[in-house]
Amino acid sequence: MAISQRLDMRQGQSLVMTPQLQQAIKLLQLSNIELAEFVEAEIERNPLLEQGESSDGDDGDRDTPERPSKREELNLDDNSALNEAREAMDAPKEDLYDGGTTSDSATTANEMSGPSARTDWSQAGSGGSFSGDDYDFEGSLSSETTLHEHLHKQISMSGLSQADQLIAARLVDETDEAGYCKTDLEEVAGALGADPANVEAVLEVCQGFEPVGVMARDVSECLALQLRDRDRLDPAMHALVMNLDLVAKHDIKALCEICGVDKEDVFDMISELRALTPRPGSAFASGTTIAVAPDVFVREMPNGMFAVELNSETLPRVLMDKAYYAEVSALPMREREKEFISECAQNASWLIKSLDQRARTILKVASEIVRQQDAFFAHGVAHLRPLNLKQVADAIDMHESTVSRVTSNKYMGTPRGLFELKYFFSAAIPGTAGGDAHSAEAVRYRIKQLIDEEGQKVLSDDKIVEILTEFGIEIARRTVAKYRESLNIPSSVQRRRQIRASA
């Protein structure tokens with residue numbers, strides 16, 4: 001059989017994901033903080049983009065009379081020119097082909113995750129003048145001391161040799177914000193070329209630093225260090241600290257046998273433990289905590305219905321300066337420069353449309369969630385209905401993957417509190433005798449409610465199953481145990497011990 005070459009022409013359909021399409025899809029799953037960082041990075045890269053004023057700011061000073069309508073901005077009232085982005089973002093993931101080539105100057109989706117970094121070097125070398133209106137008083141104030149800074153200061157006063165101080169510095173760097181040094185000492189010794197016994201000796205010195213209990217390797221060691229500092233680490237107390245699992249279970253009988261003391265002494269020792277600090281590093285400054293801002297708000301209207309609106313404060317406003325684009329395009333340029341300006345214009349236009357479509361999609365999904373879960377907003381968690389992504393996707397004529405992206409890292413501000421959009425999706429627990437299914441979250445809430453109200457009569461998991469069956473909920477005992485453990489509620493045996501211990 002002879003082998004030969006030939007040319008065939010075939011017709012087929014495929015969807016190629018361009019960098020702009022990848023950007024539009026990935027914008028959906030970004031949180032509002034990540035979105036703001038991404039937009040800031042795009043503004044730095046694209047000379048045709050600029051940040052718009054906030055909705056409550058005065059935009060009049062920025063729009064000059066010569067070009068009052070030369071800018072495209074994110075407008076939620078304009079439905080034109082969005083069908084392409086809407087249809088493209090709703091394509092099933094399995095039908096997408098991540099192919100095609102990307103030019104060096106095109107915006108790529110790989111650059112999305114990195115936050116921009118703006119550095120102002122205009123005052124470098126100025127000597128830090130204390131005069132004039134540009135002086136930053138707040139920036140001159142000293143920041144709060146962190147745990148690592150506090151520990152590093154104590155190394156130089158510890159009396160350790162220079163070599164041991166290097167080991168101590170490494171151990172301090174391995175200490176977490178709670179004050180625990182859980183690193184493998186043999187790995188530290190191998191990385192520094194030191195003797196493991198010497199590393200452990202240096203750690204023992206570091207465990208004498210302030211605050212007391214810092215750089216312990218576990219909770220038992222942390223509490224033991226604090227008891228030793230108070231001169232209260234006798235054999236009985238040491239045995240108690242080494243059996244914290246029994247303390248958590250309130251197994252007083254077993255603790256009496258292990259510690260060799262009576263019941264009254266065990267209660268006194270447990271009281272001493274409660275006065276200690278299991279997180280010695282919590283008193284120091286930690287990393288910056290970012291408050292969660294809702295992406296949408298839900299408010300109840302006078303007629304009993306619920307209105308859903310976007311949080312405009314979290315939406316970045318991006319403007320494209322068309323006047324500047326026309327001015328630059330009229331200048332004599334090389335071919336590469338023309339391509340660069342043209343790509344900047346395309347990327348700017350697509351970014352504005354993508355942000356617009358993202359806002360519309362979030363509003364559409366959130367509105368459908370509120371419609372499906374109206375009983376929750378009216379009556380509370382016990383009335384939460386079982387819901388999955390497919391139900392919402394079918395109702396709003398979108399693909400399930402699109403709804404999944406929209407509900408990731410998004411929050412809803414409601415009269416009942418702040419909830420992640422994923423919170424409203426829960427599995428279905430079947431009802432008895434073929435009745436309506438119940439939301440797993442609602443069942444979990446009922447279990448917590450029953451245990452909170454049990455009083456002296458502790459309910460076993462089997463008894464909870466019987467009570468839930470009376471409510472029309474068909475559930476297995478192991479499922480009750482799983483939900484109870486997810487709520488960090490101890491077993492009925494442990495709860496009875498707690499009641500006897502507090503009596």
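In helix α12, I252, L255, C256 and C259 touch K263, V266, F267, M269 and I270 of helix α13, where contact means heavy atoms within 4.5 Å. Everything here comes from a predicted model, in which local features need pLDDT of at least 70 and side-chain atom pairs count only at pLDDT 80 or more, while totals for chains, interfaces and linings use all residues. Residues are numbered from 1 along each chain as its sequence is written, and side-chain values use heavy atoms, with hydrogens and water left out.

**Helix α12 on helix α13**
- Helix α12 covers residues 252-259 and helix α13 covers residues 263-274; helices (H or I, at least four residues) and strands (E, at least two) are DSSP runs, numbered from the N terminus.
- Their axes come within 9 Å and cross at roughly 95°, with axes being lines fitted to C-alpha atoms, for helices over the stretch in contact, and angles running from 0 to 180 degrees between N-to-C directions.
- That makes α12 roughly perpendicular to α13 (angles under 35 degrees count as roughly parallel, over 145 as roughly antiparallel, 65 to 115 as roughly perpendicular and the rest as oblique).
- Sorted by class, the α12 and α13 contact has 8 nonpolar, no polar and 1 charged residues (Ala, Val, Leu, Ile, Met, Phe, Trp, Tyr, Cys and Pro count as nonpolar, Asp, Glu, Lys and Arg as charged, and the others, Gly among them, as polar).

**Helix α19 on helix α21**
- Helix α19 (residues 440-452) packs on helix α21 (residues 477-486) at about 75°, their axes 10 Å apart.
- This pair is therefore roughly perpendicular too.
- From α19, A440, V443, R444, I447 and I451 meet V480, Y483, R484 and S486 of α21.
- The class tally for α19 with α21 is 6 nonpolar, 1 polar and 2 charged residues.
- R444 also puts its charged end over the ring of Y483, 4.5 Å from the centre (a charge sits over a ring if NZ of Lys or CZ of Arg is within 6 Å of the ring centre and within 35 degrees of the ring normal).
- Elsewhere, K182 lies over the face of Y180, 5.3 Å from the ring centre.

**Aromatic rings**
- The structure has 9 aromatic pairs (rings of Phe, Tyr and Trp, its six-membered ring, pair if their centres lie within 6.5 Å; planes under 30 degrees apart count as stacked, over 60 as edge-to-face and the rest as tilted).
- F376 and F419 have ring centres 5.3 Å apart and planes at 85°, so they pair edge-to-face.
- F376 belongs to helix α16 (residues 374-379) and F419 to strand β9 (residues 417-420), so this pair ties together parts 43 residues apart in sequence.
- Both F376 and F419 are buried (buried means under 20% relative accessible area, exposed over 50%, partly exposed in between, with a 1.4 Å probe and protein chains only).
- One aromatic cluster takes in F306, F376, F377, F419, Y423 and F424.

**Two buried spots**
- L384, in the loop between α16 and α17 (389-396), is buried at 4% relative accessible area.
- Beyond its neighbours within four places in sequence, L384 touches Q373, F376, Y423, F424, S439, E441 and A442.
- The C-alpha atoms of L384 and H438 are 7.8 Å apart, although 54 residues separate them along the chain.
- S492 sits in helix α22 (residues 492-502) and is buried, at 13%.
- Leaving out neighbours within four places, S492 contacts V458, L459 and S460.

**The whole protein**
- The protein has 22 helices and 11 strands.
- Of its 503 residues, 40% count as buried.
- Among contacts between residues at least 6 apart in sequence, 67% join residues at least 24 apart.
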